[in-house]
Amino acid sequence: MLKWYVIPLLALVFYVYVREIKEAKLSGNWDAVFAGLTIFGMDFVNETWNSWVMVLSGRSAFWTAPGDTALRTMVGWNIEIMFMFSIMGIIYYHSLTPGKKVKILGIPENWAMAVGYSAFCVFVECLLNKGGHLVWEYVFWERSIKGVILIFLIGYFHFFCAAIFVLHLKTIKNKLITIGCIYGLAVVMNIIGKGILGWPY
């Protein structure tokens with residue numbers, strides 16, 4: 001199934017990246033693009049291992065997204081989620097104060113924003129779960145204090161940790177190598193799972 005509203009959403013994602021690339025060519029600063037690619041890549045890895053959990057457990061993935069979608073790409077991933085995470089890193093990057101070491105409540109701004117965005121994502125995910133759009137099968141992955149902390153750490157926070165790590169690397173080469181490793185891991189896992197073993201996820 002593929003629905004027509006994917007086309008304008010895809011165009012908007014393209015627009016965001018084209019604008020960022022245009023700015024990067026002028027300024028020489030590619031960090032917004034790198035942040036966007038990093039967080040999307042981390043989500044790619046996350047959704048891949050989550051799909052592996054479903055197959056290897058014979059029961060369920062940690063999270064599944066069974067509701068209506070324009071295109072389902074994995075058991076817990078759909079095109080709408082993909083579009084959101086493809087620009088999440090760019091949103092995060094532009095939330096930071098350029099060229100200044102700012103603190104929020106005594107915490108460096110980049111880490112404070114990482115915590116804030118992760119917490120907001122968990123809040124939205126809880127609403128989606130309550131509405132039946134995201135299904136959680138396991139008792140440790142639920143709307144409880146322990147469950148929310150786990151979702152915060154495994155579901156989102158490490159995405160931003162990866163972005164912070166990439167943004168702090170000194171050279172474009174090292175940033176590209178790191179991003180390439182993230183995508184390489186996801187691609188290899190999918191080649192093994194889907195291509196070689198033929199797992200249906």
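Start by selecting Asn129, which sits in helix H4, residues 109-130 (helices are DSSP runs of H or I with at least four residues, strands are E runs of at least two, and both are numbered from the N terminus). A word on what you're looking at: this is a predicted model, with residues numbered from 1 along each chain as its sequence is written. Local features need pLDDT of at least 70 and side-chain atom pairs count only at pLDDT 80 or more, while totals for chains, interfaces and linings use all residues, and side-chain values use heavy atoms, with hydrogens and water left out.

Is Asn129 buried or exposed? Its relative accessibility is 16%, so Asn129 counts as buried (buried means under 20% relative accessible area, exposed over 50%, partly exposed in between, with a 1.4 Å probe and protein chains only). Now show the side chain: it reaches the backbone oxygen of Leu134 at 2.8 Å. Leaving out residues up to four places away in sequence, Asn129 touches Leu134, Val135, Trp136 and Arg143 (contact means heavy atoms within 4.5 Å).

Next, colour the whole of H4. Its 22 residues reach 31 Å from the first C-alpha to the last, close to the 32 Å expected at 1.5 Å a residue (the expected span is 1.5 Å times one less than the number of residues). Among the buried residues of H4 are Glu109, Ser118, Cys121 and Cys126. To see what covers the buried residues, show H3, strand S5 (107-108), strand S6 (135-136) and H5, among others. Just after H4, click on Gly132, which takes a positive phi of about 85°.

Hop over to Thr97, in the loop between H3 and strand S4 (103-104). Thr97 is partly exposed, at 29% relative accessibility. Neighbours within four places aside, Thr97 is in contact with Val102 and Glu109.

Now select helix H1, residues 6-27. Which residues of H1 are buried? They are Val6, Val13, Tyr17, Glu20 and Ala24. Look down the axis of H1 and these buried residues fall within an arc of 75°, so they line one face of the helix (the arc is that of the directions from the helix axis to the C-beta atoms). The face turned away from that buried side carries the exposed residues Leu12, Tyr15, Val18, Lys25 and Leu26. Cover for the buried residues of H1 includes helix H2 (31-57) and H3.

Last, the rings. How many aromatic pairs does a search of the whole structure find? It finds 18 (rings of Phe, Tyr and Trp, the last by its six-membered ring, pair if their centres lie within 6.5 Å; planes under 30 degrees apart count as stacked, over 60 as edge-to-face and the rest as tilted). Select Phe85 and Tyr156, a stacked pair at 6.1 Å centre to centre with 20° between the planes. This pair links distant parts of the chain, 71 residues apart: Phe85 is in helix H3 (residues 79-94) and Tyr156 in helix H5 (residues 145-168). Phe85 is buried at 5%, and Tyr156 is buried at 9%. Then pick Tyr138 and Phe140, also stacked, with 5.4 Å between centres and 10° between planes. Tyr138 is buried at 11%, whereas Phe140 is partly exposed at 39%.

Terms used:
A polar contact is a pair of N or O atoms within 3.5 Å; within protein, one must be able to donate a hydrogen and the other to accept it, and residues adjacent in sequence count only if both atoms are side-chain atoms.
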